[in-house]
Amino acid sequence: MGEQGEFFERSLPAGFSYSTGFLRTSAATELMAGLLGGVPWEEEEIFLHGRMVKSPRLTAWYGDPGASYMYSGVPHEPMEWTPELSAIRELVSSSAQVSFNSVLLNLYRDGSDSVSWHSDDEEELGAEPTIASMSLGATRRFRLRERRTRESLGLDLADGSLLLMSGTSQRDWEHCLTKTKRAVGPRINLTFRVVRVSR
Ligand SMILES: O=C(O)CCC(=O)C(=O)O
């Protein structure tokens, strides 16, 4: 499709692999603009410190029929794949050698949007899931923390990059995306997943 750029891999703990330039800058910019304007972004409410508050990011869930997924405490039915998301799914599935059936989109509007420490270990993802996480737009700091040792490390996720998480990565590690006081533009993250289809 002529969308891919030059790969650069950084060494990370077992189960993680990070490549910059998975999408060429021009393709990443075009995809970002299409998603910013075309996705019906939702502002979820989450239960935090005993009360309902607005989630510090916007989200959208796309996938095959029946690929429902629980996040922010509620089940979500997938929206139908758009042509642009289908094309990216194909590219990512073929690179990861996994047939992804769904994608969670996160929109971080500015530096005060974030996601707190968690693992993608929901039951519908099964044991040892492979998750492919593509970043578009502003570079943001992603952190990994090993559950057992509390060892942590940071990784700046760049526009057009792809982070693969597989094997025991979700069991052994948590991750988060930190807030920043730097003036940053919007960032979209697409995490391709395989969820158990319920019907
Ligand atoms: O935005 C990111 O890079 C992380 C997203 C994430 O942790 C998630 O969707 O579970």
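Two strands are taken to pair if DSSP finds at least two bridges between them, strands being DSSP runs (E, at least two residues) and helices likewise (H or I, at least four residues), numbered from the N terminus. The model is predicted, and local features need pLDDT of at least 70, side-chain atom pairs count only at pLDDT 80 or more, and totals for chains, interfaces and linings use all residues. Residues are numbered from 1 along each chain as its sequence is written.

By this criterion, four strands form an open antiparallel sheet in the order S9-S14-S11-S12. Strands S9 (115–118) and S12 (152–157) are the edge strands, each pairing on one side only. Strand S11 (residues 140–146) is joined to S12 by six bridges, and Phe142 stands opposite Leu155 in S12.

Phe142 also belongs to the residues around the ligand, among them Leu104, Asn106, His175, Leu177, Asn189 and Thr191. Two or more residues of this shell come from each of strands S8 (102–108), S14 (173–177) and S15 (187–193).

Ala132 touches Val92, Ala96, Phe100, Leu162, Leu164 and Phe192 (C-beta atoms within 7 Å), residues up to four places away in sequence not being counted.

Methods
A residue is near a molecule or strand if its C-beta atom, placed from the backbone, lies within 6 Å of it. Two residues are in contact if their C-beta atoms, placed from the backbone, lie within 7 Å.
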